Amino acid sequence: MSLQQDLQTRSGNQCELCASTNNLSIYDVKPSITGGGGVDGSLLACETCSIQIDNVDDTDANHWRCLNDSMWSEYRAVKVVAWRMLSRLRNEGWPKDLLEMMYMEDDDLRFAKESGDHLDDSEKIIHRDANGTILQAGDSVVLIKDLKVKGSSLVAKQGTAVRRISLDHENAKYIEGKVGPTQIVIITDYVKKMAEKE
């Protein structure tokens, strides 16, 4: 079965966040849980939910009252997105109550925090590439110079693509990503964000 079919079966062919049956598509939760999407790292979402997840300015708090049900999902991707949206909306009041009720395994909570939605704007660390472009968890970057990897003989060559990066939430200069099989820390001054289609 395809990923779309797997998610349709799992969800009963409805949005796993708000239960809508209109304009459904695969939503890949960034950075990918499994390194490549898959059933564990994706959910079936309607167009309204997908747009609001990706665009903070378009968020309609009342739409997300649906999380009262979907936050109890047994599926990791659904729980993670529910936690992120409740965290983003916590100043509305009711989402804070739901967050206090919600149970998350340590690994799931760590992953959910990758988006930074739980931080106030003043606390957020902004990661920028060599050109000053803002980097987000799940983005792909390309190295703009050869980098020697500490603790190994590996040299990551200029032009190497590093996909699905994660961010260091304590240092704006550090990101992490895989070069081949090796997970490495990279300084943001040495990368350039890749366009979505690259």
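The structure is a predicted model, in which local features need pLDDT of at least 70 and side-chain atom pairs count only at pLDDT 80 or more, while totals for chains, interfaces and linings use all residues. Residues are numbered from 1 along each chain as its sequence is written, and side-chain values use heavy atoms, with hydrogens and water left out.

**The sheet**

Please begin by selecting residues 141-143, which form strand S5. Strands (E, at least two residues) and helices (H or I, at least four) are DSSP runs numbered from the N terminus. Strand S5 belongs to an open sheet of 3 strands, ordered S8-S5-S12, with antiparallel pairing; two strands pair if DSSP finds at least two bridges between them.

**Two residues with positive phi**

Next, select Arg164, in the loop between S8 and strand S9 (166-167). Its phi is near 55°, a positive value in a residue other than glycine. Most residues other than glycine have a negative phi. Arg164 is partly exposed, at 31% relative accessibility; buried means under 20% relative accessible area, exposed over 50%, and partly exposed in between (1.4 Å probe, protein chains only).

Then move to Asn23, in the loop between helix H1 (3-11) and strand S1 (24-28). Asn23 also is not a glycine, and has a positive phi of about 50°. With a relative accessible area of 54%, Asn23 is exposed.

Now select Ser73, located in the loop between helix H3 (67-70) and helix H4 (76-88). Is Ser73 buried or exposed? Ser73 is buried, with a relative accessible area of 17%. A polar atom of the Ser73 side chain lies 3.0 Å from the backbone nitrogen of Tyr75. Leaving aside residues up to four places away in sequence, Ser73 touches Val78 and Lys79, where contact means heavy atoms within 4.5 Å.

**Charges over rings**

A charge sits over a ring if NZ of Lys or CZ of Arg is within 6 Å of the ring centre and within 35 degrees of the ring normal. Finally, select Arg84 and Phe111: the charged end of Arg84 sits over the ring of Phe111, 5.0 Å from its centre.

Definitions and conventions: Polar contact = N/O pair within 3.5 Å; in protein donor to acceptor, adjacent residues only side chain to side chain.
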